[in-house]
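Hi,

Here is the structure I said I would pass on.

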Amino acid sequence: MTTQTHGQYRLQVGALHTSLWQRAIRLSGLRLRPAATVADTLPRVQLDAAQLNVTGIGLLALLRKGVVPIDSVVLDSARIEVLALARKPTKNAGKPLYEQLPLKLKGLDIRYFGLLHTRANYQPSGAQAQPTARFRRADLSAQNLLISAAGAADSQRLGYAIGWNLLLQHAQGQAAGHQLAVAGLTIATADHLIQLDSGRVQPLEAARTDQPRVDLLLPRLRLTGLQAAALQHQHRFRADSLLIQLPQVTAVLPANSSAGNSKSATDYLKSLDLAHLDVRGGYVRVQGAAANPIIHGLEVAGTAIHFDSVNAPNAQRIFFAKAWEVALGRSQATVAAHALALGSLQLSTSAGTFTLRSVRIRPPAPGQGKPGGLRVDLVLPSLALAGLDAKALQQKHFQAQSLVLDRPNLHFTPPV
């Protein structure tokens with residue numbers, strides 16, 4: 001280690017055992033320590049690990065420096081401290097991983113790779129705005145990890161592996177002026193599953209005023225049927241279902257927001273296919289926008305959602321989906337300086353129905369709003385629309401069978 005890092009790092013091993021019969025190497029009591037000062041091309045990292053076990057090494061392939069088969073590589077009970085990042089790239093920074101293997105090997109074919117019972121603290125020194133992260137426990141494993149030119153070219157693999165599994169518990173971090181916390185995260189690419197439990201995002205007190213501030217509480221997010229390899233290689237998102245339970249979002253938009261040269265998701269994503277979207281019991285509040293909406297009891301269900309960044313939207317779909325079911329509880333907003341409040345809203349594009357309950361529109365107070373502009377004062381117990389053609393409405397053509405307004409009380413002042 002001292003030779004490879006030119007004296008920048010020192011590795012201590014408590015015990016080393018080898019077995020020619022089992023083709024195995026077992027290390028215990030590992031301690032990796034940096035020097036007092038580290039070159040700017042290397043990160044400053046501390047590592048303590050209880051055990052490193054490598055079994056089933058293909059000795060003949062190792063001697064021939066080919067693709068070496070290995071039954072398992074397991075690093076157990078590791079604690080990692082990242083104190084500083086490299087400030088300059090190394091000469092191998094642009095090379096793929098399989099071209100950076102030791103002994104000039106052509107590759108490694110590892111049947112099982114495990115990083116178990118791991119704790120980490122990522123807190124690089126430098127600017128306060130630098131992202132930080134730490135987690136109490138992580139278990140990461142990979143099946144059939146082929147680190148070679150063939151593994152990199154295999155479109156069925158994700159990060160050289162047939163499947164990855166990650167179990168993350170009690171993680172925290174800071175990024176973009178916000179503090180993040182997650183109680184649990186499960187990723188299983190072979191099972192096409194991502195699940196997040198008890199996610200929390202809160203703005204920091206010292207966050208910049210020119211960036212959005214988001215306060216998010218997310219008890220559960222569950223994504224099933226995800227084709228992770230297609231997302232990595234083809235930039236196409238495909239999944240069966242996305243469930244978002246009880247999201248509570250409060251966002252404060254900056255007064256002077258500048259988009260700048262920031263890239264959107266469509267710059268990376270070529271297409272999106274989601275069979276079913278389900279948002280249950282959401283709360284949304286946005287401050288700083290023109291409408292300043294507050295929504296309670298948000299329920300959204302979308303079926304067969306398809307988005308293509310190149311081709312035009314399909315006219316047979318309604319806002320990229322085959323059907324939408326939307327329900328809002330008690331909500332309010334500001335529209336053209338008028339205060340709008342409603343008890344509930346329900347929309348079903350498949351049934352062609354749209355209903356509003358307890359609608360109240362209050363005109364602007366004296367001295368507010370556009371001078372000589374429109375004034376509306378409305379009390380509407382209910383509105384029911386049946387036979388709505390949502391596809392025609394998307395083409396700016398309103399078509400329906402019936403519209404019923406129950407006991408509307410309207411005071412209307414036309415604009416000057």
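Let me start with the surface: Met 1, Leu 11, Val 13, Leu 16 and Ile 25 make up a nonpolar patch of about 420 Å². Keep in mind that this is a predicted model. The biggest share of the patch comes from strand β1 (residues 9-19), which puts in 3 residues. Ile 25, for its part, sits in strand β2 (residues 24-34). Its relative accessibility is 35%, so Ile 25 counts as partly exposed.

Next, the aromatics. The structure has 1 aromatic pair. Its partners are Phe 307 and Phe 320, with ring centres 5.4 Å apart and planes at 75°, so it goes down as edge-to-face. Phe 307 belongs to strand β14 (residues 294-308), while Phe 320 is in the loop between β14 and β15 (323-328), so the pair links parts that are 13 residues apart in sequence. As for solvent, Phe 307 is partly exposed at 22% relative accessibility, and Phe 320 is partly exposed too, at 35%.

Is Ser 348 buried or exposed? With a relative accessibility of 9%, it counts as buried, because the cut-off for that is under 20%. The Ser 348 side chain has a polar contact at 3.3 Å with the side chain of Ser 350. Leaving aside residues up to four places away in sequence, Ser 348 touches Trp 324, Glu 325 and Thr 353.

Cheers

Notes:
Residues numbered from 1 in each chain as written. Predicted model: local features only at pLDDT ≥ 70, side-chain atom pairs only at ≥ 80, totals over all residues. Heavy atoms only, no water. Phe/Tyr/Trp six-rings, centres within 6.5 Å; stacked < 30°, edge-to-face > 60°. Helix = DSSP H or I, 4+ residues; strand = E, 2+ residues; numbered from the N terminus. Buried < 20%, exposed > 50% of the residue type's maximum accessible area, 1.4 Å probe, protein only. Patch = residues over 30% accessible without salt bridge, like charges linked within 9 Å, V, L, I, M, F, W, Y side chains within 5 Å. Areas by Shrake-Rupley, 256 points an atom, 1.4 Å probe, with all protein chains shown as cover. Salt bridge = Lys/Arg side-chain N within 4 Å of Asp/Glu carboxyl O. Polar contact = N/O pair within 3.5 Å; in protein donor to acceptor, adjacent residues only side chain to side chain. Contact = heavy atoms within 4.5 Å.
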